[in-house]
Amino acid sequence: MGDYAKDVLVSTDWVQEHLDDDSIRIVEVDENPALYAESHIPGAIGFDWQKDLQDQVKRDFLGPKEFGELFGSRGISNDHTIVLYGDRNNWFAAYTYWYLNYYGHDNVRLMNGPREKWIGEGKPTSKEVPSHPAAKFEATGPNDDIRAKRDEMLKLVDTDTQLVDVRSPQEFSGELIAMAGYEQEGAQRGGHIPGAANIPWAQAVNEDGTFKSVDDLRQLYEGKGVLNGNDIVAYCRIGERSAHTWFVLHELLGNDNVKNYDGSWTEWGNMVAVPVEKGT
């Protein structure tokens with residue numbers, strides 16, 4: 001079995017062995033932010049993806065200054081190795097990983113398995129919120145090699161760039177405009193960007209939330225014609241599920257030319273005069 005392209009995953013056992021390591025900051029980012037208060041890995045810092053990681057006025061993420069201030073205020077410096085994890089197959093943890101890379105911090109690891117795996121293994125948890133002295137965290141970049149924006153997307157339709165829509169088949173076909181329970185983040189139109197392949201993001205993980213093997217991942221994406229040497233752009237609804245797919249393609253499989261389109265369907269499906277395809 002081949003090894004992943006980059007050494008970016010750490011096991012739950014590794015995390016447990018490094019709980020008292022001050023060169024590491026463990027960070028939990030959940031789709032359901034209330035989980036952190038219930039219990040978390042001892043010493044883990046909790047970020048609320050909506051309140052902390054998003055601009056509170058416009059649908060966009062933080063600028064470099066605000067991003068650096070957020071991490072620094074929680075005691076995370078550029079010298080720390082950041083270990084990320086969260087609920088639901090590390091969906092938002094992978095989004096935060098991509099976000100850190102976008103702002104020049106690549107000393108980041110993802111726990112191989114979500115918080116459910118940690119708890120299921122009977123590993124220690126805590127309700128205590130850590131308090132670290134403020135640190136200096138400087139965001140650099142941004143690294144536009146890994147982020148696609150609207151104007152670029154408009155030029156990519158009908159080109160060799162491979163688009164990967166990581167939403168559910170029902171969202172892809174246009175049957176649903178948003179995932180069940182997320183109707184407020186829908187778009188005016190259903191469907192997908194013409195030419196996109198549909199590979200739901202969670203197909204990249206095993207039942208316990210750990211990532212599938214390199215061989216299985218290659219098979220998954222090759223089977224849909226994605227790993228053909230062309231540039232790849234992943235998108236979903238608001239850019240977080242596709243950050244998970246970006247992580248798989250860019251970090252685990254080592255494809256350098258992969259971008260995450262974080263405007264995603266909420267932007268595309270609301271634009272006037274852009275092409276939309278329906279059906280499978």
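Guide: Start with strand 2 (residues 24–30) and strand 4 (81–85). They pair in the parallel sense over 5 bridges. This is a predicted model, where local features need pLDDT of at least 70, side-chain atom pairs count only at pLDDT 80 or more, and totals for chains, interfaces and linings use all residues. Residues are numbered from 1 along each chain as its sequence is written, and side-chain values use heavy atoms, with hydrogens and water left out.

Visitor: What counts as a strand, and what counts as a pair?

Guide: Strands (E, at least two residues) and helices (H or I, at least four) are DSSP runs, numbered from the N terminus. Two strands pair if DSSP finds at least two bridges between them.

Visitor: Which residues of strand 4 are the bridge partners of Ile-24 and Val-27?

Guide: Ile-24 has Thr-81 as its partner in strand 4. For Val-27, the partner there is Leu-84.

Visitor: How many bridges link strand 2 and strand 3?

Guide: There are 4, again in the parallel sense.

Visitor: What is the strand order of the open sheet?

Guide: The order is 1-5-4-2-3, with parallel pairing. Strand 1 (9–10) and strand 3 are at the edges with a single partner strand each, so one side of each has no neighbour in the sheet.

Visitor: How do I read burial, and how many residues of strand 2 are buried?

Guide: Buried means under 20% relative accessible area, exposed over 50%, and partly exposed in between (1.4 Å probe, protein chains only). Check each face. Ile-24, Ile-26, Glu-28 and Asp-30 are buried on one side. Arg-25, Val-27 and Val-29 are buried on the other.

Visitor: Which residues cover the two faces of strand 9?

Guide: Strand 9 (residues 232–235) has Ile-232 and Ala-234 on one side, and Val-233 and Tyr-235 on the other. These are all buried. Strand 7 (residues 162–165) runs parallel to strand 9, joined by 4 bridges. Strand 10 (residues 258–261) is also parallel to strand 9, with 4 bridges. Look at Ala-234: Val-164 stands opposite Ala-234, and Ala-234 stands opposite Asn-260 in strand 10.

Visitor: Now a helix. Which residues of helix 3 are buried, and what covers them?

Guide: Helix 3 (residues 64–73) buries Phe-67, Gly-68, Leu-70, Phe-71 and Gly-72. To find cover, look for contacts, meaning heavy atoms within 4.5 Å. The cover includes strand 3 (45–48), strand 4 and helix 4 (91–102). Just after helix 3, Gly-75 has a positive phi of about 90°.

Visitor: Let us step back to the whole chain. How many helices and strands are there?

Guide: The protein chain has 10 helices and 10 strands. Its radius of gyration is 18 Å, close to the 19 Å of the globule rule for 280 residues, so the chain is as compact as a globular protein of that length. That radius is taken over C-alpha atoms, and the rule is 2.2 Å times the number of residues to the power 0.38. Of the 280 residues, 56% count as buried.

Visitor: What share of contacts joins residues at least 24 apart?

Guide: Take contacts between residues at least 6 apart in sequence. Of these, 78% join residues at least 24 apart.
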